[in-house]
Amino acid sequence: MSTHSTAIGVSSKRGVWGGGNEPLKASYGKLMMWFFLLSDIFTFAAFLITYLSIRVSYPAYAGPAKEFVGSNEYWPIPELVFDAIPFVHGVHAPLVFVGLMTFILIASSVTMVLAVEAGHRNDRNDVVKWMLWTLLGGITFLGCQAWEWNHFIHGSEAGAVLNYINGISQNVTETVFGANLLVNEYGPASFANLFFFITGFHGFHVTIGVVLLFMVFYQAAVGVYDRRGHYEMVEKVGLYWHFVDLVWVFVFTLFYLI
Amino acid sequence: MDIQENKSTLNVVPRNDDKIKKIWKTALILLAITAAEFVMAFTMPRGIILYVLFMALTIWKAKYIMMEFMHLGDEVKPLIYSILVPIAFLFWLIIVLIKEGSDIFSLRWF
């Protein structure tokens, strides 16, 4: 909470030059978290704008969706690439699983904001409860992403016949299954590379977030914040967690919708 | 001793139902926008109109997350601007790199 300043009260005589002012009315920790997030916004924006740039440098698939086959000549339709769900094999369920992932991450963002709200009220029980839900959401999301990657890497049963230049500089035409950094059955090599890089970097952020969430959950549960006298740590980690959700909103639109 | 140490020394403020209601309302809006995007992905023809709509809805969602969930809207104006103004530079980057990408498209395919 930003209003708790330990600095010596500012006398009107010293004015703004005497120090001890809080022009942004926020604590050091919260400010630094905001500026870190601003720098992270630029990092993610650079990746996502690179995606846009490479995407428009390839033709989009123009034919009817039913006749879609993967090729490195054109960019694939996302709903035909990401159309699988766990436990049921061979069912065409476009974007259902990724929609569920989005839902989970937004839900965990909501429970996080409820934890922050409970922290404002110094309500330890509520903080612990909502932190646990948030933690659960974060771990579930990571599990979903692991499955999504696994499926993306192993690919469909049919695969796609592609002409490409392989690792030892030979021009080959063969059936390709799944995706790696050199070639993939869905579209141009950049498609899988950007997918791995951007969702991987986001997943890395989620992983760090889950570690931080666990730390806050544990410290709140054992009463560290009660003894410290405030629950600001919940707020700071909350900012980070919402940011992870914010990035996912853009990743979802760019990778899965457009 | 242990039990005493574990007891809250802070005053627990009772829940403010209006605040909590507002959080759930924001959550509902976010879910509704995502659901709308989902429906649009299957019902509308692909093209520039759909993509612009998707981006607009995404930025709208981002606004709710930043202003309501991250409480940026409750901060003082200088803090809001010091976060939002630098982001404006990105619009230049978007325009330039999309132009660059479409130029590469022309060189590569024509």
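Biologist: How many helices and strands does the secondary structure of chain A come to?

Modeller: Helices are DSSP runs of H or I with at least four residues, and strands are runs of E with at least two, numbered from the N terminus. Chain A comes to seven helices and two strands, and along the sequence the pattern reads α-α-α-α-β-β-α-α-α. Keep in mind that this is a predicted model: local features need pLDDT of at least 70, side-chain atom pairs count only at pLDDT 80 or more, and totals for chains, interfaces and linings use all residues. Residues are numbered from 1 along each chain as its sequence is written, while chains are lettered from A and ligands numbered from 1 in the order in which they are written.

Biologist: What does the radius of gyration of chain A look like beside that of a compact globule?

Modeller: You take the radius over C-alpha atoms, and the globule rule is 2.2 Å times the number of residues to the power 0.38. For 258 residues a compact globule would come out near 18 Å, but chain A has 23 Å. Along the principal axes, its C-alpha atoms fill a box of roughly 80 × 40 × 35 Å.

Biologist: Which residues of H4(A) are buried?

Modeller: Buried means that 20 or more other C-beta atoms lie within 10 Å of the residue's own; 12 or fewer is exposed, anything in between is partly exposed, and C-beta atoms are placed from the backbone. The buried residues of H4(A) include Arg124(A), Trp130(A), Met131(A), Gly137(A) and Phe152(A). Among the elements covering them are helix H3 (96-120) and helix H5 (189-221) of chain A. Over the whole of chain A, buried residues make up 38%.

Biologist: What is Met131(A) in contact with, neighbours within four places aside?

Modeller: A contact is two residues whose C-beta atoms, placed from the backbone, lie within 7 Å. Met131(A) touches Ala115(A), Leu213(A), Val216(A), Phe217(A) and Ala220(A).

Biologist: How many residues are in the largest nonpolar core?

Modeller: A nonpolar core is a set of buried Ala, Val, Leu, Ile, Met, Phe, Trp, Tyr and Cys residues joined through C-beta atoms within 7 Å. The largest one here has 69 residues, and Met131(A) is one of those with the most contacts inside it. Elements giving two or more residues include H4 of chain A, together with H2 and H3 of chain B. H7(A) gives the largest share, 17 residues.

Biologist: How many residues does each chain bring to the contact between A and B?

Modeller: Chain B brings 47 residues and chain A brings 43. On the chain B side, H5(B) has the largest share, 12 residues. Sorting by class, Ala, Val, Leu, Ile, Met, Phe, Trp, Tyr, Cys and Pro are nonpolar, Asp, Glu, Lys and Arg are charged, and the others, Gly among them, are polar. That side of chain B has 32 nonpolar, eight polar and seven charged residues.

Biologist: Where does UniProt place the transmembrane regions of chain B?

Modeller: UniProt positions use the numbering here, feature names are shortened, and annotations may be inferred rather than shown by experiment. The unreviewed entry covers residues 23-42 and 78-98 of chain B. In the model, residues 23-42 of chain B are 100% helix, with end C-alpha atoms 30 Å apart.
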